[in-house]
Amino acid sequence: GEGARVRVYKWEVKYEYKSPDCYKKLAITINGRTPGPTIVAQQGDTVVVELTNSLLTENVAIHWHGIRQIGTPWSDGTEGVTQCPILPGDTFVYRFVVDRPGSYLYHAHYGMQREAGLYGAIRVSLPDGEREPYHYDYDRTIILNDWYHKSAYEQATGLSSKPFVWVGEPQSLLIHGRGRFNCSTMDAATCNATNPECAPYTLTVVPGKTYRLRVSSLTALSALSFQIEGHNMTVVEADGHNVVPFVVKNLFLYSGETYSVLVTADQDPSRNYWATSSIVGRNATFTTPPALSVINYYPNHLRRAPPTRPPAGPVWNDVAPRLSQSLAIKAREGYIHAPPAASDRVIVLLNTQNRIDGYMKWAVNNVSFTLPHTPYLIALKHRLLGAFDQTPPPENFDPAHDIYSVAKNPNATTSNGLYRLEFNSTVDIILQNANSLTPNNSETHPWHLHGHDFWVLGYGEGKFDIEKDPKSYNLVNPIMKNTVPVHPYGWTALRFRADNPGAWAFHCHIEAHFYMGMGLVFEEGIDRVGKLPSSIMGCGKTRQFTSP
Ligand SMILES: O=C1O[C@H]([C@@H](O)CO)C(O)=C1O
């Protein structure tokens, strides 16, 4: 509307005992809540978050997922890339413009803190007088998550130990911060099924009305399917972009993705209905039951259980319907941003599981990423050359690599080198999946790019063919996203303009996989970055700028 506003949020981050799935555990909260408060703003507004770290003995950093941070690369909240972590007792001010309408997220981006519960949603509305190209009566936000009972420290220690200790499947799934663990063998002080904190999430609907559900996932590991018993969902938005509407019975979501679906309360109004989330892509049949929530038709009682059995999710190991949902997501007419017809550079990224000195890692082109202790943004701007490896990482992999087998030589190297992109150039990224270190297994990896939206040019099965496959790219109405899956044994092709001066992470959004090295960093236009605020400094080689 007339004159953008400044939206100021004051947040205190601390540990508290919470029982989101009835099991009591230390969780990181914002102003006492997990998920934290939803940031509500209008396109063009400036969001200011004054974050006080009350974690006593732990640093923190928060990333604004899907916000491009144009002109404010120091507010991206990525520890080791764009800032030093925020010390206990300190108040750090994030300040950024929300320049696009749509559904976005925020979450911790330091160690494995995200899965301790530090996350929430950002909702950006259109300017006054502008309307979405679809109709709805009410707007609701639902964040899906998975939940572990071990602390992030125990998990991180296991991942970096010899022998390797995998995090395993989550104990629960959460629907907007609520799940249900089976407490039957535990004492009530540890796990109490009657704790109101783990009462199922309920969405009350008025018969006949249409709901815009902003459904997103911030799982640590799981790919999810979300379904509402007896109701179709019309997908209208993905990662802040309007899509050609399509109808689904269940919506697949990968960690870091946001969708809007329209649901009309057009079923028998005398009862309530289940809405469930369940794991796909990994076998959690015997470990993680689906999460249950209730669609409450007004005026039925909120806590009246639906008379039916909750719908089961789809078969966990069927990739075909997931690939077809990916292929169905196209930019809506009137909202198409045409991609450049060609790219200046093609970077092919082979995703593999590896071993380095007996440690389990993930790598890209056989380089397992490590974060430096001096954030790239500061090191680049101030030319602190010793702050990270100056050797650029590889842009391709051995063409003889058999993506269908366990690698004969799973060795890799570690590096914190980065990809330097020519400012304003067009870059193609081919994500190439492969077999993991488990025979006949290839996992799904959701890749998230900071600082940009990219065009999704295509998905394919098998090994990408640089001669043949680009001919099948969708250059007509590709969707723009910030997070995209690469399916098992498949490839995904992306294109983006390197037009946002800064240093930007690009990584698998599975918390354990990024921690194990599945990521990288791009730099572009560093000379155009303005004066860096000293509040992002104070660690590693940046201490020289903050000491008197
Ligand atoms: O990184 C991972 O390790 C395990 C398994 O490959 C070894 O335990 C798994 O499923 C991952 O995604």
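So, how many helices and strands does the protein have? Five helices and 32 strands, where helices (H or I, at least four residues) and strands (E, at least two) are DSSP runs, numbered from the N terminus. Before I go on, this is a predicted model: local features need pLDDT of at least 70, side-chain atom pairs count only at pLDDT 80 or more, and totals for chains, interfaces and linings use all residues. Residue numbers start from 1 along each chain as its sequence is written.

Okay, overall dimensions. The radius of gyration is 22 Å, close to the 24 Å that the globule rule gives for 548 residues, so the protein is as compact as a globular protein of that length. That radius is taken over C-alpha atoms, and the rule is 2.2 Å times the number of residues to the power 0.38. Along the principal axes, the C-alpha atoms fill a box of roughly 65 × 60 × 60 Å.

Now the inside. Of the 548 residues, 52% count as buried; that takes 20 or more other C-beta atoms within 10 Å of a residue's own, while 12 or fewer is exposed and in between is partly exposed, with C-beta atoms placed from the backbone. The largest nonpolar core has 146 residues, and Val-215, Tyr-376 and Leu-494 are among those with the most contacts inside it. By core I mean buried Ala, Val, Leu, Ile, Met, Phe, Trp, Tyr and Cys residues joined through C-beta atoms within 7 Å. There's also a second, separate core of five residues, including Cys-22 and Phe-181.

Back to Leu-494: leaving out residues up to four places away in sequence, its contacts include Phe-454, Trp-455 and Val-484. Contact here means C-beta atoms, placed from the backbone, within 7 Å.

Next, helix H1, residues 152–159. Its buried residues are Ala-152, Gln-155, Ala-156 and Leu-159. Looking down the axis of H1, they fall within an arc of 95°, so they line one face of the helix; the arc is that of the directions from the helix axis to the C-beta atoms. Helix H4 (511–515) is part of what covers them.

Then Pro-245, in strand S15, residues 241–248. Pro-245 counts as partly exposed because it has 14 C-beta neighbours inside 10 Å. Its C-alpha atom is separated by 9.3 Å from that of Ala-331, 86 residues apart along the chain.

Around it sit Trp-166, Gln-353, Ser-436, Leu-437, Thr-438 and Glu-443, each with its C-beta atom, placed from the backbone, within 6 Å.

Terms used. Two residues are in contact if their C-beta atoms, placed from the backbone, lie within 7 Å.
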